[in-house]
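User: I am new to reading models like this one. Please take me through the main features, with the general idea before each case.

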Amino acid sequence: MGYVQEARENHVKKKVEEALRSKMKQKALKECDQYTSKYAQCALGRTLSVVWACRQLAKELNGCLHQYTNDTVLEEMKREYMLQQDGKAPAGV
């Protein structure tokens, strides 16, 4: 499959892509809730010291979030969306 054809198959409208990104972020926050809670507890009551005091927790949180919010995940969500849209199209088209 050529690059242009693949790009056309995975292309979605801007609003759809924004909605998929939002859904992806919500799922990531849900999946990484334990890391978010630990980081929030560490950051509670701190100002500048949060940078070095909570550095390891921040790395763990970012690592978890990155598992669920990357280009590969977004492309898979776009592919699933397009397949769903193809299934909804009338048979004569």
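User: Which side chains meet E76 or R79 in a salt bridge, and what is the N to O distance?

Analyst: Side chains of opposite charge can pair when their charged atoms come close. A salt bridge here is a side-chain nitrogen of Lys or Arg within 4 Å of a carboxyl oxygen of Asp or Glu. The side chains of E76 and R79 meet in this way, at 2.7 Å from N to O. E76 and R79 are three residues apart in helix α6, so about one helical turn separates them. Salt bridges that share partners also join E17, R21, E75 and K78 into one network.

User: What should I know about the model and its numbering?

Analyst: This is a predicted model, in which local features need pLDDT of at least 70 and side-chain atom pairs count only at pLDDT 80 or more, while totals for chains, interfaces and linings use all residues. Residues are numbered from 1 along each chain as its sequence is written, and side-chain values use heavy atoms, with hydrogens and water left out.

User: How many helices and strands does the protein chain have?

Analyst: Helices (H or I, at least four residues) and strands (E, at least two) are DSSP runs, numbered from the N terminus. The protein chain has six helices and zero strands.

User: How do α2 and α6 cross?

Analyst: Two packed helices are described by the angle between their axes and the distance between the axes. Axes are lines fitted to C-alpha atoms, for helices over the stretch in contact, and angles run from 0 to 180 degrees between N-to-C directions. The axes of α2 and α6 come within 10 Å and cross at roughly 125°. That makes α2 oblique to α6; angles under 35 degrees count as roughly parallel, over 145 as roughly antiparallel, 65 to 115 as roughly perpendicular and the rest as oblique. The crossing is right-handed; in general, a crossing is left-handed if the near helix is turned anticlockwise from the far one by less than a right angle, and right-handed if clockwise.

User: How do α3 and α5 cross?

Analyst: The axes of α3 and helix α5 (residues 55-68) come within 9 Å and cross at roughly 155°. α3 and α5 are therefore roughly antiparallel to each other. α3 passes α5 in a left-handed crossing.

User: Where does L48 lie, and is L48 buried or exposed?

Analyst: L48 lies in the loop between α3 (33-43) and α4 (50-53). L48 counts as exposed, at 65% relative accessibility.

Technical notes
Buried means under 20% relative accessible area, exposed over 50%, partly exposed in between (1.4 Å probe, protein chains only).
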